[in-house]
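Here is a short tour of a protein assembly for you to follow on screen. Please keep the viewer open as you read.

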4 protein chains.
Amino acid sequence: MINEGDNVLIWNPKKGDTVLLTVKKGATVGTHFGQIYHDEILAHDWGEGVITPKGDIFYITKPTLADYTRRIKRQTQIVFPKEAGFIIQHLNFFPGARIVECGTGSGSLLTAFAHFIGDTGQIYTYDRREEFSKIAQKNATKWGVNNRITFHVQDIENGFIERNVDAVFLDVPNPYDYIGHAYDALAPGCRLGILVPTTNQISQTLLAMEKYNFIDVMVVELMLRYLKTDPYRIRPQDIMIGHTGYLIFGAKTVPLKDGITPQEVIQDGE
Amino acid sequence: MINEGDNVLIWNPKKGDTVLLTVKKGATVGTHFGQIYHDEILAHDWGEGVITPKGDIFYITKPTLADYTRRIKRQTQIVFPKEAGFIIQHLNFFPGARIVECGTGSGSLLTAFAHFIGDTGQIYTYDRREEFSKIAQKNATKWGVNNRITFHVQDIENGFIERNVDAVFLDVPNPYDYIGHAYDALAPGCRLGILVPTTNQISQTLLAMEKYNFIDVMVVELMLRYLKTDPYRIRPQDIMIGHTGYLIFGAKTVPLKDGITPQEVIQDGE
Amino acid sequence: MINEGDNVLIWNPKKGDTVLLTVKKGATVGTHFGQIYHDEILAHDWGEGVITPKGDIFYITKPTLADYTRRIKRQTQIVFPKEAGFIIQHLNFFPGARIVECGTGSGSLLTAFAHFIGDTGQIYTYDRREEFSKIAQKNATKWGVNNRITFHVQDIENGFIERNVDAVFLDVPNPYDYIGHAYDALAPGCRLGILVPTTNQISQTLLAMEKYNFIDVMVVELMLRYLKTDPYRIRPQDIMIGHTGYLIFGAKTVPLKDGITPQEVIQDGE
Amino acid sequence: MINEGDNVLIWNPKKGDTVLLTVKKGATVGTHFGQIYHDEILAHDWGEGVITPKGDIFYITKPTLADYTRRIKRQTQIVFPKEAGFIIQHLNFFPGARIVECGTGSGSLLTAFAHFIGDTGQIYTYDRREEFSKIAQKNATKWGVNNRITFHVQDIENGFIERNVDAVFLDVPNPYDYIGHAYDALAPGCRLGILVPTTNQISQTLLAMEKYNFIDVMVVELMLRYLKTDPYRIRPQDIMIGHTGYLIFGAKTVPLKDGITPQEVIQDGE
């Protein structure tokens with residue numbers, strides 16, 4: 001049964017268009033395929049088709065996390081589901097995890113993170129711009145994960161408040177300036193993840209991570225191709241997203257006992 | 001503190017090699033960088049470096065889900081973290097979800113799925129080959145998610161047992177033969193996901209999904225490039241994985257009331 | 001010195017826009033960056049900047065083949081410089097070569113082919129649509145390679161006229177129907193090249209090539225990424241062409257003497 | 001007819017292996033599929049199959065330029081047919097062109113260049129390492145294009161000897177140090193092309209090109225995917241080349257008359 005407040009994704013067979021909406025008694029919404037009355041949606045069930053007064057049709061499906069986060073209007077750096085899914089597996093994300101993230105932005109990545117840490121986990125997100133924090137709270141609330149997020153409206157120049165967190169993720173223009181802060185917040189042996197759009201930023205970030213002895217460092221790029229869905233003419237779509245960003249990962253280590261440096265050990269061992 | 005039974009990922013700075021092991025008192029393991037004594041690991045903490053008797057060094061980090069699932073030895077179709085992360089966002093995965101999956105294989109994808117549905121969720125996995133079911137159980141147990149999985153050792157020719165599940169995922173050579181069974185198991189409005197390696201299989205699968213009125217169908221391919229990590233020589237690695245598979249997604253609909261077909265509605269509306 | 005009739009590529013520093021034109025005394029052309037008087041171009045030399053009456057500036061460069069063929073307006077299947085360059089190296093193209101091509105289309109690929117076979121080579125191009133043949137002749141003439149091309153305005157249903165050519169290239173919707181005709185036109189041991197946009201066409205084409213005993217068959221796809229040119233922010237452009245087509249190549253063989261089949265030999269040899 | 005001295009590409013149907021050889025009376029060559037007697041090749045014709053004494057079979061095809069240049073053994077930076085084909089279309093290559101290239105390397109790219117400029121064109125190639133010059137001469141001779149090449153065994157620190165050439169191509173570790181020399185050698189309005197493997201080199205090269213007022217600058221990367229050739233199982237191959245290099249192109253301009261700078265004009269025009 002569909003209830004008031006449910007998020008639904010409606011799909012129109014003629015154009016393949018979709019619209020995501022939160023159902024509200026008496027409301028209407030204009031779409032490419034005509035006016036939609038929310039009461040009609042409430043009178044139907046999941047998976048059903050609704051015939052509009054104009055004789056058009058649309059189907060009611062459950063929106064997935066990807067449907068939702070892709071539709072969040074962004075004024076900031078874009079992180080797509082392909083990156084989000086890669087991040088949560090390469091950092092220590094799990095139901096119950098405690099994660100630090102900066103910046104909050106429009107809350108697209110944040111919502112994806114909060115989705116997978118469950119009600120016992122917590123995301124601590126930072127952004128100095130209050131307007132973004134508000135947008136992100138609204139977006140997270142609509143997806144029902146607001147209770148899993150602590151919103152800090154503050155600069156991270158002086159570091160993060162949390163300690164011993166399971167993972168830190170940075171999506172800021174100058175991550176190389178905050179590697180030390182990420183180090184302080186992280187539990188030893190845990191992972192830092194970073195998104196940067198340019199290769200110049202990769203260079204600077206790698207140098208900063210080296211300084212703080214992050215290990216098992218990797219840099220990756222994900223490319224996504226949509227294919228056309230005509231079974232008799234299988235082929236990639238003509239246009240694709242050429243670039244979103246590069247992902248960098250590394251694990252925090254602590255200094256060796258007795259003040260030895262790894263370099264000394266390695267040279268002795270050779 | 002590191003306890004017996006913990007999974008640890010050890011990393012050697014000289015070669016960048018990593019080894020994943022489950023700590024056990026008194027055990028030893030041979031690696032590219034010498035013999036490792038588990039008791040040494042137990043005498044250290046997360047993030048610390050251990051100096052071996054031979055004067056070598058290794059660091060102890062927490063393995064991520066990606067570290068773990070990538071290392072599962074496979075006798076079957078490969079699904080990588082890039083695909084796994086995309087799937088869990090494009091199907092209705094969340095802590096508490098009920099998911100049907102086939103085939104079980106070595107349990108790599110299964111473990112990733114179980115990781116993100118939490119202790120209140122359940123994966124129902126099918127494979128007719130008992131030896132795979134056993135391997136997968138072992139792999140899931142080692143990652144601590146075995147309690148979230150129901151293992152069915154049976155063919156799916158006669159369909160799935162479960163009904164009204166939040167998502168179905170098929171990774172079998174002939175998914176087009178089981179679209180009807182997936183339809184029966186799925187809750188209306190929810191999503192079916194499929195992995196196939198060839199474009200011929202895409203064609204056949206799309207035809208079968210059309211027959212069962214799946215909507216909002218998409219087909220994608222993900223490409224992953226690793227970059228080298230020398231900050232002064234940023235560039236992609238020389239060799240990359242050229243292909244793992246294509247992902248297909250669609251949402252289940254139910255027939256229109258009064259026995260009208262969507263085609264009739266669309267034609268009337270034009 | 002720039003002469004009347006020369007093709008020039010003009011480039012505007014403000015927008016990075018380029019315009020390709022054939023210089024003609026007294027002519028003018030409107031561009032995004034203002035009116036351009038051809039006489040101004042004739043009064044300057046290659047590489048020079050021209051200051052317009054409005055106080056704008058543009059530079060005069062020699063157009064490359066890629067500049068030219070990319071700008072040919074197409075009503076047909078697109079073949080890009082990345083494919084053209086791959087084709088001419090994987091078929092037997094060289095100054096002096098005799099090549100059969102179908103279809104002519106707007107002459108983009110044709111012009112590229114004719115460019116590299118020199119004045120002693122000849123391209124025999126087929127298209128049943130006279131309007132395309134005329135457009136292609138105009139385009140080839142403008143680039144100065146018209147003398148190297150024989151235009152056949154005819155269907156290839158009954159085959160090609162030429163025999164013993166150095167290479168055949170097919171860019172038609174149903175190449176699998178003409179593999180026999182390509183075989184007849186080709187010199188033994190020489191190569192057939194084919195462009196198709198869909199994987200379904202690859203399957204059909206491979207089956208037809210197998211029937212005619214083409215060997216050393218390969219199928220490839222080329223992807224091109226443009227990068228941004230800000231030295232401080234190196235990164236791929238946001239949007240890229242996702243797909244143009246697949247290229248298929250194979251070499252013509254002749255039947256074994258004494259009516260033996262290759263299969264018989266292979267089995268005996270095992 | 002096959003003559004002594006011809007290059008032939010032989011192909012074995014069992015393994016799909018190919019061998020490229022120059023035919024010589026009485027010679028033999030060992031291959032994965034048995035001993036091959038050159039006299040057997042001379043007794044057959046192009047496209048024919050040869051049955052070996054051991055009852056195996058191989059076919060005789062004409063090697064393409066791509067077959068040849070791909071097989072040149074390299075001790076240096078790799079340039080593949082995909083890059084070579086792109087370069088010759090984006091620089092002013094044509095039968096009769098005069099081109100400067102550095103470094104010579106093993107002559108793979110050089111041979112491809114010489115192939116397409118015909119007997120009236122000339123490549124001036126530079127390398128300070130005499131051993132490479134010799135290898136490259138041997139490789140170019142075997143392909144029959146040695147007469148089109150001038151080999152300079154010298155450093156380019158003091159510049160190129162030639163002036164007013166149609167194109168310059170640099171494939172050296174530090175191209176940014178030689179942009180001025182390329183500028184001096186090029187005819188105004190003509191193109192410089194550069195290959196670099198890392199993004200750090202792109203940054204440095206773009207800065208140097210800006211200093212010398214190169215315009216219409218572009219940076220691209222080409223990716224090539226081979227597909228499997230089973231018509232019933234169309235899919236990309238499992239492994240692909242992840243990276244060869246980035247290509248940079250730009251056109252030479254000359255200073256504005258009257259000592260005005262472009263910046264002054266642009267500001268006035270705004």
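## Conventions

This is a predicted model, in which local features need pLDDT of at least 70 and side-chain atom pairs count only at pLDDT 80 or more, while totals for chains, interfaces and linings use all residues. Residues are numbered from 1 along each chain as its sequence is written, chains are lettered from A and ligands numbered from 1 in the order in which they are written, and side-chain values use heavy atoms, with hydrogens and water left out.

## Chain A on its own

Chain A holds eight helices and 14 strands; these are DSSP runs, with helices (H or I) of at least four residues and strands (E) of at least two, numbered from the N terminus. Along the principal axes, its C-alpha atoms fill a box of roughly 80 × 45 × 30 Å.

Of the 270 residues in chain A, 62% are buried, where buried stands for under 20% relative accessible area (1.4 Å probe, protein chains only). Among the contacts in chain A with a separation of 6 or more, 63% are between residues 24 or more positions apart; a contact here is heavy atoms within 4.5 Å.

## Where chain D meets chain A

Each side of this contact is made of five residues, from chain D and from chain A. Together the two chains bury about 310 Å², 40% of it on carbon and sulfur atoms; buried area is the accessible area (1.4 Å probe) lost on putting two parts together, summed over both. D:Thr199, D:Met223 and D:Arg225 supply 68% of the area that chain D buries against chain A, more than any other three residues.

On the side of chain D that touches chain A, helix H7 (199-211) and strand E12 (215-227) of chain D each supply at least two residues. H7(D) gives the most, with three residues.

Key
Buried means under 20% relative accessible area, exposed over 50%, partly exposed in between (1.4 Å probe, protein chains only).
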